[in-house]
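This briefing accompanies the structure shown below. Please read it with the model open, moving from the chain as a whole to individual strands, loops and residues.

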Amino acid sequence: MAVMRLKEGVYEVGAVDWDRELFDELIPLPDGTSYNAYLVRGREKVALLDTVDPSKVSVLMNNLDSLGVDEIHYVISHHCEQDHSGSIPAVLERYPGAKVVTNPKCKGMLQDHLHIPEEKFMEISDGEEISLGGKTLRFMYTPWVHWPETMVTYLPEDRILFTCDLFGSHMATSDLYMRDERRVYLAAKRYYAEIMMPFRNLIKEHIKKVESLGIDLIAPSHGPVYDDPGFILDAYRDWTSDHVKKEVIIPYVSMHGSTEAMVQHLVDTLMAKGVKVTPYNLSTTDLGDLASSLVDAAAVVVASPTVLTGPHPKAVYATYLVNALRPKTRFVSLMGSYGWGGRMPEMITEGLKNMKVDIIEPVMIKGHPSTQDFKEIERLAGDLADKLETC
Ligand code: FEO
């Protein structure tokens, strides 16, 4: 990735990862990602804000070379996760006079994960500033986006907020700035859903903390920079709000067609009632799409056959995901079929213990759905439609 200039003395020096397909061995990356790092040159001092994933350290070094950087005084570490911190040891080796500037929590985590020696650190407190000479770095703690040590940096002279993961998007692009609003919106929403959603109430407070700053640019460490900060701030205000959309999403898996027939009838009945509904076949769906839909859907119906007395493992996984992401979903129900018995509804309900939801009477049937079973599915569709009217 080429060096890109944001303002006089402020450069993006990170790397685009066009080919990465998975993050944390868990999250699919259909659009690749980037590890943005920023160099800020003041009259007296030079600071590097975050680094890159270790797999891209040569790109970072080449970019620093191309800017003729022969000294770095400060390496600002906003977040310990290795896609931003993993190249700090290499930077310290090349620039031995540099200090790692971070908060005490992040310092401890960097010591644990990267074994950076104590003498290399400079601790800062919330609101503290460092002057580089004509450029000031103001550090603001923003914990739990999405780890406990996270923080952001404001550069008041250039009105830039460096946010690391916050407001980011997993997106490989040659554009420095957001150009394709729709594409970036969906990528940022997916990213929010996958890692930020469980912390939405804290993120609301962080937005209040930064929104009074004069901001021209929001520079995250994944995806493009926002030269219209209101775009991503408004999106985050919406996603973190208590507002839900009148939509039902149905993560489901079917082995022999019975559960699928139930899902199809529920979908058709809801559609006939004018209710927005989206089924997600867990055998083929991209879990990032499912997570994105959880950001604002009012209702979730998990549908599964019975396997060895419990839900299908794919339904267990989806339930675990929903429970861990803590969406603002208000209503949950269950559907499924069984051959001779089982505890599927109890086990799914137990798996959703983080969710403060209204559980709507499930529909469990024996074998393939009968005419009477389809009527029971219509009852569930009616209950869902009535509940959505209360949102
Ligand atoms: Fe981009 Fe939480 O690391």
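Of the 391 residues of the chain, 57% count as buried, where buried means under 20% relative accessible area, exposed means over 50%, and partly exposed lies in between, with a 1.4 Å probe and protein chains only. The model is predicted, so local features need pLDDT of at least 70 and side-chain atom pairs count only at pLDDT 80 or more, while totals for chains, interfaces and linings use all residues. Residues are numbered from 1 along each chain as its sequence is written, and side-chain values use heavy atoms, with hydrogens and water left out.

**The chain as a whole**

- The chain contains 12 helices and 23 strands; these are DSSP runs numbered from the N terminus, with helices being H or I of at least four residues and strands being E of at least two.
- The C-alpha trace spans about 80 × 40 × 35 Å along its principal axes.
- Among contacts between residues at least 6 apart in sequence, 72% join residues at least 24 apart, a contact being heavy atoms within 4.5 Å.
- The chain carries 40 positive and 56 negative charges, whose mean positions are 4 Å apart.
- In that count, Lys and Arg are positive and Asp and Glu negative, while His and the chain ends are not counted; each charge is placed at NZ of Lys, CZ of Arg, CG of Asp or CD of Glu.

**Strand pairing**

- Strands β1 (residues 4-7) and β2 (residues 10-12) pair in the antiparallel sense over 3 bridges; two strands count as paired if DSSP finds at least two bridges between them.
- These two strands, β1 and β2, form a hairpin with 2 residues between them, and G9 in the turn has a positive phi of about 80°.
- Within this pairing, M4 stands opposite E12 in β2.
- Strands β21 and β23 pair in the parallel sense over 4 bridges, with S337 opposite I365 in β23.

- S333 belongs to strand β21 (residues 331-338) and is buried, because its relative accessible area is 0%.
- A polar atom of the S333 side chain lies 3.5 Å from the backbone oxygen of E361; a polar contact is a pair of N or O atoms within 3.5 Å, and within protein one must be able to donate a hydrogen and the other to accept it, with residues adjacent in sequence counting only if both atoms are side-chain atoms.
- Leaving out residues up to four places away in sequence, S333 touches V300, V301, V302, I360, E361, P362 and L380.
- K246 lies in strand β17 (residues 245-252) and counts as partly exposed, because its relative accessibility is 40%.
- Although K246 and L388 are 142 residues apart in sequence, their C-alpha atoms are 5.6 Å apart in space.
- Beyond its neighbours within four places in sequence, K246 is in contact with K276, L388, E389 and C391.

**A serine in helix α9**

- S293 is found in helix α9 (residues 287-294) and counts as buried, because its relative accessibility is 8%.
- The S293 side chain reaches the backbone oxygen of L290 at 2.7 Å.
- Apart from residues up to four places away in sequence, S293 touches I249 and Y280.

**Backbone geometry in the loops**

- Most residues other than glycine have a negative phi, and most peptide bonds are trans.
- The peptide bond from V145 to H146 is cis, with omega near 15°; H146 sits in the loop between β13 (136-141) and β14 (151-155).
- F167, which is not a glycine, has a positive phi of about 70° and lies in the loop between β15 (160-164) and α5 (181-196).
- F167 counts as buried, because its relative accessibility is 0%.
- L308 also has a positive phi, near 50°, and lies in the loop between β19 (297-307) and β20 (310-311).
- L308 counts as exposed, because its relative accessibility is 80%.
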